[in-house]
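Here is a short briefing for a first look at this chain. Keep the sequence and the 3D view open as you read.

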Amino acid sequence: MTETSPVPGALSRVCGVVVTYQPDLGPLIAMLERIAPQVDDLVIVDNGSATDLSALATNFNATLKLLGDNFGIAYAQNVGIAMARERNADSVLLLDQDSLPAPDMVAKLIAAELKLRTDGKTVAAVGANYIDPRKGDTGCFPYRKGLRLKHRINTGKETIVETDYLIASGSLTPMTVFDRVGDMVDELFIDYVDIEWGLRAREMGYISYGVFDAHMEHALGDDHIQFLWRRVPVHSAVRHYYQQRNAVWLIRQSWLPHIWTPILLFRMAYRLVFFTLAAPKRWTHSRMMLSGIWDGVRGRMGRV
């Protein structure tokens with residue numbers, strides 16, 4: 001690591017894994033410029049993009065893996081994790097193509113992971129706090145309280161907080177945790193991939209943590225809808241299909257604590273009602289969400 005040296009005793013060899021799919025080269029280059037100095041190895045796994053990324057990979061001394069088709073983010077992340085393992089990485093930093101890490105993000109994550117281990121915590125992963133640069137919305141870290149899913153916000157009192165799961169981008173995971181918990185579930189394709197992994201790790205005794213002073217820009221959703229005092233991120237109708245289908249799949253997993261079933265069902269119902277009423281092309285969204293629920297019930301997984 002050149003720009004930020006590892007914390008003594010921490011997981012010092014970090015491999016960054018960037019998954020790409022038809023990327024906008026401007027944000028991708030900006031992200032690679034930020035992350036390349038912070039990691040020891042860099043891997044780009046491309047899900048069948050039309051753009052030739054070979055020169056870009058060479059410029060940033062990254063290893064490029066071309067999958068030749070879109071196999072989904074879960075499969076691509078698993079390929080990247082396997083490549084990181086071959087490079088004897090101590091930990092894996094997952095990144096989306098449009099995320100923009102702060103120059104010290106990895107150092108902050110490493111320091112947080114070391115502190116947690118020193119305090120005797122069993123760490124699944126540590127994740128960065130992100131801000132959506134389009135409107136300034138700040139990400140927060142979810143946790144279950146009874147039958148409600150709440151979010152920890154940055155009050156300034158704590159820099160590291162427990163969370164039930166992290167978004168994959170900006171998360172740093174020890175390789176030993178992947179060895180014990182397992183990889184992402186390929187058949188989910190996209191959406192709920194990181195949620196499933198985080199909850200599975202938690203059920204096995206590994207806890208995820210959010211790090212407020214590790215910063216990253218990250219756009220959540222394709223757009224936003226203003227609803228009362230809230231700004232709700234909006235994905236494409238196809239993404240809403242995956243969200244509904246994969247939520248059904250997750251509910252059906254035998255290892256998932258039953259208390260999560262009403263929480264996930266409520267989220268599914270809220271998503272269906274809200275986007276049917278409020279989203280542009282609402283009937284397209286409604287049709288795709290209902291189709292996703294039906295496919296989840298009958299176990300039709302993978303790429304739609």
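Which element gives the most to the lining of the second largest pocket? Helix H6 does, with three residues. This is a predicted model, where local features need pLDDT of at least 70, side-chain atom pairs count only at pLDDT 80 or more, and totals for chains, interfaces and linings use all residues. Residues are numbered from 1 along each chain as its sequence is written, and side-chain values use heavy atoms, with hydrogens and water left out.

**The whole chain**
- The chain has nine helices and 14 strands. Both are DSSP runs, numbered from the N terminus (helices: H or I, at least four residues; strands: E, at least two).
- Of its 304 residues, 51% are buried. Buried means under 20% relative accessible area, with exposed over 50% and partly exposed in between (1.4 Å probe, protein chains only).
- Take the contacts (heavy atoms within 4.5 Å) between residues at least 6 apart in sequence: 75% of them join residues at least 24 apart.

**The second largest pocket**
- A pocket is an open set of points on a 1 Å grid over the protein atoms alone, where a 1.4 Å probe fits, with protein on both sides within 12 Å along at least five of seven lines. Lining residues have an atom within 4 Å of a point.
- The second largest pocket holds about 160 Å³ of space. That volume is the space filled by probe spheres set on the points, which are joined across faces, edges and corners.
- Strand S8 (141-145), strand S10 (160-163) and helix H6 (193-203) each give two or more residues to its lining.
- Among the lining residues are Tyr143, Arg152, Asp164, Arg202, Glu203 and Trp260.
- The lining has five nonpolar, one polar and six charged residues. Ala, Val, Leu, Ile, Met, Phe, Trp, Tyr, Cys and Pro count as nonpolar, Asp, Glu, Lys and Arg as charged, and the others, Gly among them, as polar.

**Strand S6 and its partners**
- S6 (residues 123-132) is mostly covered, with nine of its 10 residues buried.
- Strands pair if DSSP finds at least two bridges between them.
- S6 runs parallel to strand S12 (residues 207-217), over eight bridges. Here asparagine 129 stands opposite histidine 215.
- S6 pairs with strand S11 (residues 171-174) in the antiparallel sense, over two bridges. Here glycine 127 stands opposite serine 171.

**Helix H7**
- H7 (residues 237-251) has 15 residues and reaches 21 Å from its first C-alpha to its last. That is close to the expected 21 Å, which is 1.5 Å times one less than the number of residues.
- H7 is mostly covered: 12 of its 15 residues are buried, including Tyr241, Tyr242 and Trp249.
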